[in-house]
Each structure stands twice: as structure tokens, then as C-alpha cells.
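Student: Hi! Could you walk me through this structure while I have it open?
Tutor: Happy to, let's have a look together.
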Amino acid sequence: SFNYKKLLVAATHTKVQSRCVALNAAMKGMGTDEKQLIRVIVCATMKERELIRQAYQEMFDKDLIEHVESETSGDFKGMLVALLESCEPEDAPDYEGDADVIIDSFAGSDADFETITRKLAAKTPSQLEELAAAYEAKAGESLKEKLAQESASFGESIFGNSDFKSLVQLLMQPPAERLASSVRYCIEGWGTDDTGLI
């Protein structure tokens with residue numbers, strides 16, 4: 001079958017190369033598979049993202065960040081780019097200070113997602129857990145739930161901001177849960193996303 005052929009082809013690639021192929025497939029042709037972009041980029045480590053960027057240029061003669069920027073928009077694009085640009089974890093992050101910045105970014109009628117994006121993207125999963133704990137201690141609420149609440153704004157139903165919400169929610173999960181959530185998405189509902197599973 002066609003999917004079996006895709007599996008055999010994928011088996012000839014390294015992990016990094018297979019991620020490059022998945023990213024390219026998500027952006028070529030008509031339309032963009034935003035969920036595929038989310039799964040591949042968020043589930044990769046910082047070091048893997050750096051290697052993916054290098055391999056993508058070699059395999060497709062395209063800069064990955066520029067390709068992502070051309071196929072996405074808004075806060076969703078900003079977060080994807082920030083993740084791809086974050087190749088090294090922060091050294092001794094100021095969790096208390098970052099929590100204060102995020103609290104201030106939520107203030108007002110519109111959340112400053114650009115600032116929040118940079119604070120989240122520069123951290124490893126364990127650092128995100130530390131940040132979430134510092135935020136909850138200061139704000140008295142879950143950072144993950146606050147992000148979901150703020151990104152599920154009135155504009156979501158009109159401008160399609162649900163992709164940004166899905167990305168942030170996956171990012172705030174530990175690595176094992178990120179993978180489990182990605183697999184579940186590929187098999188739930190009507191049909192199966194074979195490319196995503198591969």
C-alpha cells in the first residue's frame with residue numbers, strides 16, 4: 001500500500017531526516033498541515049531542532065524558518081519560529097522574574113503573546129515546569145490553564161487561533177505526554193493520520 005511504502009522510505013532516513021520530510025510535507029502544495037508542524041517541532045529537543053534546521057537546508061535547499069514564516073501567521077508563526085531559534089537552554093533562568101513578566105503580559109484587554117512566547121520557547125521541559133510552579137505560586141492559578149483561557153479568545157473562532165492554543169498546550173506537557181498526545185491525535189476521530197504516526 002501507499003502508506004506501507006511511506007513507512008519503508010521513512011525507515012531509510014535518520015530521525016532528523018524523517019522530521020525534515022514530515023515538515024516539508026506539511027507545507028508543500030495547497031494548504032498547510034499545522035498539526036503536523038506542531039507535533040514535529042514541539043516534540044523535538046532543542047538540539048534536534050538545530051539539527052533539523054541544518055538538515056532541512058541540505059535536503060530541500062530551503063531555510064526552514066523562512067519556509068515556516070511563509071506558510072503560517074500571527075502568534076502561531078511567532079511561537080514556531082521562536083522554538084526553532086531556541087537551540088540552547090537558558091543558563092540559570094530567573095523563574096520568579098519570568099513569572100512576573102508573564103503576569104504583566106496577561107494584564108490588559110489583550111495578552112502580549114510575543115513576550116510570553118519568548119519566555120516559553122527558550123526553556124527545556126524541566127525549566128518550563130519550574131516556570132509554571134513559580135507562576136502558580138505568584139498568580140494563584142495554573143499557567144497552562146491561563147494560556148488555554150487567554151488563547152481561546154473571541155478571535156479564535158474568527159481568525160483560527162486554535163493552532164496557537166494547541167501548540168502552547170502541547171509545549172506545556174512533559175516530553176512523554178507530548179508524544180502520547182501526538183499519537184492520540186493521529187488515531188482518534190475519523191481515519192488515521194499515517195504520516196503523523198510514521
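Student: What should helix α9 span at 1.5 Å a residue, and how far apart are its end C-alpha atoms?
Tutor: The 15 residues of α9 (residues 125–139) should span 21 Å, and the end C-alpha atoms are 21 Å apart, which agrees. The expected span is 1.5 Å times one less than the number of residues. Helices here are DSSP runs (H or I, at least four residues), numbered from the N terminus. Keep in mind that this is a predicted model, where local features need pLDDT of at least 70, side-chain atom pairs count only at pLDDT 80 or more, and totals for chains, interfaces and linings use all residues. Residues are numbered from 1 along each chain as its sequence is written, and side-chain values use heavy atoms, with hydrogens and water left out.

Student: Which residues of α9 are buried?
Tutor: Q127, L128, L131, A134 and Y135 are buried in α9. They cover an arc of only 125 degrees around the axis, which puts them on the same side of α9. Buried means under 20% relative accessible area, exposed over 50%, and partly exposed in between (1.4 Å probe, protein chains only). The arc is taken from the directions from the helix axis to the C-beta atoms.

Student: And what comes just after α9?
Tutor: G140 sits there, with a positive phi of about 75 degrees.

Student: Switching topic, how many residues are in the largest nonpolar core?
Tutor: That core has 46 residues, and M79, F106, L120 and L143 have the most contacts inside it. Helix α6 (residues 74–85) gives the largest share, 7 residues. Such a core is a set of buried Ala, Val, Leu, Ile, Met, Phe, Trp, Tyr and Cys residues joined through side-chain atoms within 4.5 Å.

Student: What does F106 touch?
Tutor: Leaving out residues up to four places away in sequence, F106 touches A111, F113, I116, Y135, L143, K146, L147 and E150. Contact means heavy atoms within 4.5 Å.

Student: Now the charges: which residue does K123 pair with in a salt bridge?
Tutor: K123 pairs with E90, the closest N and O atoms being 2.6 Å apart. K123 lies in the loop between α8 (113–121) and α9 and E90 in the loop between α6 and α7 (95–106), so the pair ties together parts 33 residues apart in sequence. A salt bridge needs a side-chain nitrogen of Lys or Arg within 4 Å of a carboxyl oxygen of Asp or Glu.

Student: Is K123 buried or exposed?
Tutor: K123 is buried, with a relative accessible area of 4%, while E90 is partly exposed at 28%.

Methods:
Helices (H or I, at least four residues) and strands (E, at least two) are DSSP runs, numbered from the N terminus.
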